[in-house]
Amino acid sequence: MLRGNRKRQKVAPIETVVGPKTIMHGDLLFSGGLHVDGAIKGNVIADDDPDAVLILGERGSIEGEVKAPHIILSGAVTGDVHASVSIELSPRARVN
């Protein structure tokens with residue numbers, strides 16, 4: 001990864017956290033920043049905020065479609081992933 005050439009992009013601050021002991025069933029529509037360390041069984045979709053960011057931690061998982069302008073994945077996603085501005089995958093990220 002060429003970290004030296006990467007431009008710093010403006011993203012929203014994290015306002016919502018799904019903790020590691022949380023399992024959520026159903027779709028989640030969010031704005032701003034969302035950090036997921038738990039499990040979500042449903043679609044995760046950002047509203048029209050161009051700075052919205054989804055961060056999926058190493059212990060986090062999502063079973064469903066993911067849509068957001070900025071996405072940073074370290075955990076597991078089973079479903080389609082759509083990022084309109086940027087997507088970052090850590091070495092431990094898993095997308096099926």
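Leucine 89 sits in strand β11, residues 81-89 (strands are DSSP runs of E, at least two residues, numbered from the N terminus). This is a predicted model, so local features need pLDDT of at least 70 and side-chain atom pairs count only at pLDDT 80 or more, while totals for chains, interfaces and linings use all residues. Residues are numbered from 1 along each chain as its sequence is written, and side-chain values use heavy atoms, with hydrogens and water left out.

**Leucine 89 and its patch**
- Leucine 89 is partly exposed, at 46% relative accessible area (buried is under 20%, exposed over 50%, partly exposed in between, with a 1.4 Å probe and protein chains only).
- Together with Ile87 and Val95, Leu89 makes a nonpolar surface patch of about 260 Å² accessible area.

**Serine 74**
- You'll find serine 74 in the loop between β9 (66-73) and β10 (76-78).
- With 17% relative accessibility, serine 74 counts as buried.
- Leaving out residues up to four places away in sequence, serine 74 touches Leu56, Gly57, Glu58, Ser90, Arg92, Ala93 and Arg94 (contact means heavy atoms within 4.5 Å).

**Histidine 35**
- Histidine 35 belongs to strand β4, residues 33-36, and is partly exposed at 21% relative accessible area.
- Its contacts, again not counting residues up to four places away in sequence, are Ile14, Thr16, Val17, Val18, Ile55 and Gly57.
- Histidine 35 and glycine 60 are 25 residues apart along the chain, and their C-alpha atoms are separated by 9.0 Å.

Note on methods. Helices (H or I, at least four residues) and strands (E, at least two) are DSSP runs, numbered from the N terminus. Patches are made of residues with over 30% relative accessible area and no salt bridge: like charges are joined within 9 Å, nonpolar side chains (Val, Leu, Ile, Met, Phe, Trp, Tyr) within 5 Å. Accessible areas come from the Shrake-Rupley method with a 1.4 Å probe; for residues, only the protein chains shown count as cover. A salt bridge is a side-chain nitrogen of Lys or Arg within 4 Å of a carboxyl oxygen of Asp or Glu.
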